[in-house]
Structures are given as C-alpha cells and as structure tokens.
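Subject: Structure handover

Hello,

Here is the structure I promised to pass on to you. Have a look at it first, and then read on for what turned up.

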Amino acid sequence: MELYPHNQAAYAALLPMLKTCRRAAVIHPTGTGKSFLAFQLMEEHPAASFLWLSPNDYIAENQRRNAEREFPNAVFMTYPGLLRLSEAKMGELCPDCIILDEFHRCGAYCWSTGVERLLNRYPGAWVLGLS
C-alpha cells in the first residue's frame, strides 16, 4: 500500500505511540485518507486481529467492502452495535487492535459506555483513533 506524503508522516508518527503507550490518534480533514493508515497497520500486522468501529452502518459497510478481501482478520461494527453486545459476545472479539473511526464521537453519552467497556476489557490492545 502506498500512502500519500501527509499520511506517511502521520503513520511514521503513530507507530512509536502505539509501541510505547498503545494508543495513538490521527486528526486530519475529511477525505484525506485516514482509513488508509489503519489499512497500512493491518497490512503490516497480518497475524493480528482488528476491530474497526464506525458511527453508522453506511461507514462500517464501506470500510468492510474496502477491506474484507485483503484483511480477513478484521471485524467491522458500529458504536451502537458495540453498545448492544452482551458480555459473552464482547468476550469473543479479542482484538489486538481497536480502530475508532471518527473517534471524536466516542464521547457521546450513549456510545461512550460501550467504548469504555471494550477498552477496559482489552487493556492490552492497541487503540488507533481516526478523526
């Protein structure tokens, strides 16, 4: 995968953050290819499992279509879907990396509960926020 120069710089900056504190965020304008940063991470870690959270079905389906053939190790779901997961189903996810697409929405009153539950359940997972 070839990233645009602005995303190459962002990717180079996020890798050390993930290695040292297991969390990183990239804040770029809409349409600049932030999702390709996550795709690059997935490409470089084919043995890892990824959970990609999006705010709605349209975005989740779009990302799933873009990635499903190349990244079978990824699960795509919405923040509302996460909120409705039982403890048993959440326990089956076991992500090595959690991608929070449009992560600025994670603070929404209703969605933050599900995200907090997920992060508390998998404290060792890398977390990549895209906004």
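Let me begin with residue classes: Ala, Val, Leu, Ile, Met, Phe, Trp, Tyr, Cys and Pro count as nonpolar, Asp, Glu, Lys and Arg as charged, and the others, Gly among them, as polar. By that scheme, the lining of the largest pocket divides into 5 nonpolar, 11 polar and 3 charged residues.

Two notes on where the values come from. The model is predicted, so local features need pLDDT of at least 70 and side-chain atom pairs count only at pLDDT 80 or more, while totals for chains, interfaces and linings use all residues. Residues are numbered from 1 along each chain as its sequence is written, and side-chain values use heavy atoms, with hydrogens and water left out.

The pocket

A pocket here is found on a 1 Å grid over the protein atoms alone; it is an open set of points where a 1.4 Å probe fits, with protein on both sides within 12 Å along at least five of seven lines, and lining residues have an atom within 4 Å of a point. The largest pocket has a volume of about 370 Å³ (the space filled by probe spheres set on the points, with grid points joined across faces, edges and corners). Its lining is made up of 19 residues, and those nearest the centre are Gly31, Lys34, Gln63, Asp101 and Glu102. Two elements give two or more residues to this lining, helix 2 and helix 3 (57-67). Helix 3 supplies the largest share, 5 residues. (Helices are DSSP runs of H or I with at least four residues, strands are runs of E with at least two, and both are numbered from the N terminus.)

One of the residues nearest the pocket centre, Glu102, sits in the loop between strand 4 and helix 6. Glu102 has a positive phi, near 50 degrees, in a residue other than glycine.

Helix 2

For burial, I use relative accessible area: under 20% is buried, over 50% is exposed, and anything in between is partly exposed (1.4 Å probe, protein chains only). Helix 2 has 8 of its 11 residues buried, so it is largely enclosed by the rest of the structure. The buried ones are Lys34, Ser35, Leu37, Ala38, Phe39, Gln40, Leu41 and Met42. Phe39 has a relative accessible area of 3%. Not counting residues up to four places away in sequence, Phe39 touches Met1, Trp52, Gln63, Asn66, Ala67 and Phe71 (contact means heavy atoms within 4.5 Å).

Helix 1 (residues 5-21) has 17 residues and reaches 25 Å from its first C-alpha to its last, close to the 24 Å expected at 1.5 Å a residue (1.5 Å times one less than the number of residues). Which of its residues are buried? They are Asn7, Ala10, Tyr11, Leu14, Leu15 and Leu18. Seen down the axis of helix 1, these fall within an arc of 145 degrees, so they line one face of the helix (the arc is that of the directions from the helix axis to the C-beta atoms). On the other side, Pro5, Ala9, Lys19 and Thr20 are exposed. The cover over the buried residues includes strand 1 (23-26), helix 2 (34-44) and strand 5 (126-130). Arg22, which follows helix 1, has a positive phi, near 70 degrees.

In helix 6, the buried residues are Trp111, Ser112, Gly114, Val115, Leu118 and Leu119. They cover an arc of only 165 degrees around the axis, which puts them on the same side of helix 6. Tyr109 and Asn120 are exposed on the other side. What do the buried residues of helix 6 pack against? Their partners are strand 1, strand 2 (50-54), helix 4 (79-83), helix 5 (87-93), strand 4 (97-101) and strand 5.

Some single residues

Ser54, in strand 2, is buried at a relative accessible area of 0%. Leaving out residues up to four places away in sequence, Ser54 touches Ile59, Ala60, Met77, Thr78, Tyr79 and Asp101.

Leu93 belongs to helix 5. Beyond its neighbours within four places in sequence, Leu93 is in contact with Leu51, Met77, Leu85, Leu118 and Tyr122. Cys94 is in the loop between helix 5 and strand 4. Cys94 is partly exposed, at 43% relative accessibility, and its phi is positive, near 45 degrees.

Best wishes
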